[in-house]
Amino acid sequence: MPQRLEIALKPELVDSEGESLRRKARDYFGTALQTVRTVQILTIDAELAAEQLETVRREVFTNPVTQISAFTPLPLAFDWCLWVGFRPGVRDNAGATAVEAIEDILGLRLKPGEAVYTSKRFCLQAPGLTAAEADRIAGALLANDIVQQWRIFPAA
């Protein structure tokens, strides 16, 4: 069963990627976003035991000084959540690198058909932001429609 690992900067640290998106939304569209937090997502589609998953979370994918991570959704506040990931069939280089890291740290080879997929979610705090504005931000500033797909989710 696939496991979804979420990784984000600690709340007290500045999320430079989120700040960049916040400024671009303002500068390009005149859209005011209060805060933007970025979450890296690794979907690990491999038969790994809970201990193995915890090992890769802790020892490979999370910097304990600057990041928090969990196999459950991180509790980040948002009015809109924008998810961006690769379309099926598009080469996910970061996912392939993640496979190599998992194999190295665990001393095993993933089975044929097992893989790791990367994506991101952006947690926007912006009261009054409409679905159309959120979709515009995702489509124009976050995703390349040729190779990526996106979804928008309201907090509700």
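**View 1. L108 sits in the loop between α3 and β5 (115-125).** Helices (H or I, at least four residues) and strands (E, at least two) are DSSP runs, numbered from the N terminus. The model is predicted: local features need pLDDT of at least 70, side-chain atom pairs count only at pLDDT 80 or more, and totals for chains, interfaces and linings use all residues. Residues are numbered from 1 along each chain as its sequence is written, and side-chain values use heavy atoms, with hydrogens and water left out. L108 is partly exposed, at a relative accessible area of 23%. Buried means under 20% relative accessible area, exposed means over 50%, and partly exposed lies in between (1.4 Å probe, protein chains only). Setting aside residues up to four places away in sequence, L108 touches L48, Q52 and E103. Contact here means heavy atoms within 4.5 Å. I146 is 38 residues from L108 along the chain, and their C-alpha atoms are separated by 34 Å.

**View 2. Helix α2 (residues 50-61) packs with helix α3 (residues 93-106).** The angle is about 110 degrees, and the axes are 10 Å apart. Axes are lines fitted to C-alpha atoms, for helices over the stretch in contact, and angles run from 0 to 180 degrees between N-to-C directions. The two helices, α2 and α3, are therefore roughly perpendicular to each other. Angles of 65 to 115 degrees count as roughly perpendicular, under 35 as roughly parallel, over 145 as roughly antiparallel, and the rest as oblique. The crossing of α2 and α3 is right-handed. A crossing is right-handed if the near helix is turned clockwise from the far one by less than a right angle, and left-handed if anticlockwise. From α2, the residues in the contact are Q52, T55, V56, E59, V60 and F61; from α3, they are A98, A101, I102, I105 and L106. By class, the contact of α2 with α3 has eight nonpolar, two polar and one charged residues. Ala, Val, Leu, Ile, Met, Phe, Trp, Tyr, Cys and Pro count as nonpolar, Asp, Glu, Lys and Arg as charged, and the others, Gly among them, as polar.

**View 3. T55 is a residue of helix α2.** T55 is buried, with a relative accessible area of 19%. Residues up to four places away in sequence are not counted here, yet T55 touches V60, I105 and L106.

**View 4. R58 pairs with E54 and E59.** R58 forms a salt bridge with E54, and R58 also meets E59 in a salt bridge. A salt bridge is a side-chain nitrogen of Lys or Arg within 4 Å of a carboxyl oxygen of Asp or Glu. Side chains of opposite charge can pair when their charged atoms come close. For R58 and E54, the closest N and O atoms are 3.7 Å apart. Both R58 and E54 lie in helix α2, four residues apart, about one turn of the helix. For R58 and E59, the N to O distance is 3.1 Å. R58 is partly exposed at 41% relative accessibility. E54 is partly exposed at 28%, and E59 is partly exposed at 48%.

**View 5. D145 and R87 meet in a salt bridge.** The N to O distance is 2.8 Å. This pair links distant parts of the chain: D145 is in the loop between α4 (131-142) and β6 (148-154), and R87 is in the loop between β4 (80-86) and α3, 58 residues apart. D145 is partly exposed, with a relative accessible area of 45%. R87 is partly exposed too, with 30%. Elsewhere, salt bridges that share partners join E54, R57, R58 and E59 into one network. The count by this rule comes to 11 salt bridges.

**View 6. Helix α1 (residues 16-29) packs with α4.** Their angle is about 105 degrees, with the axes 11 Å apart. That makes α1 roughly perpendicular to α4. In the contact, L21, K24, A25, Y28 and F29 of α1 meet R136, I137, A140, L141 and L142 of α4. By class, the contact of α1 with α4 has eight nonpolar, no polar and two charged residues.

**View 7. D15 lies in the loop between β1 (3-9) and α1.** D15 is buried, with a relative accessible area of 6%. Leaving aside neighbours within four places in sequence, D15 is in contact with L9, V36, R37 and T38. R91 is 76 residues from D15 in sequence and 27 Å away in space, C-alpha to C-alpha.
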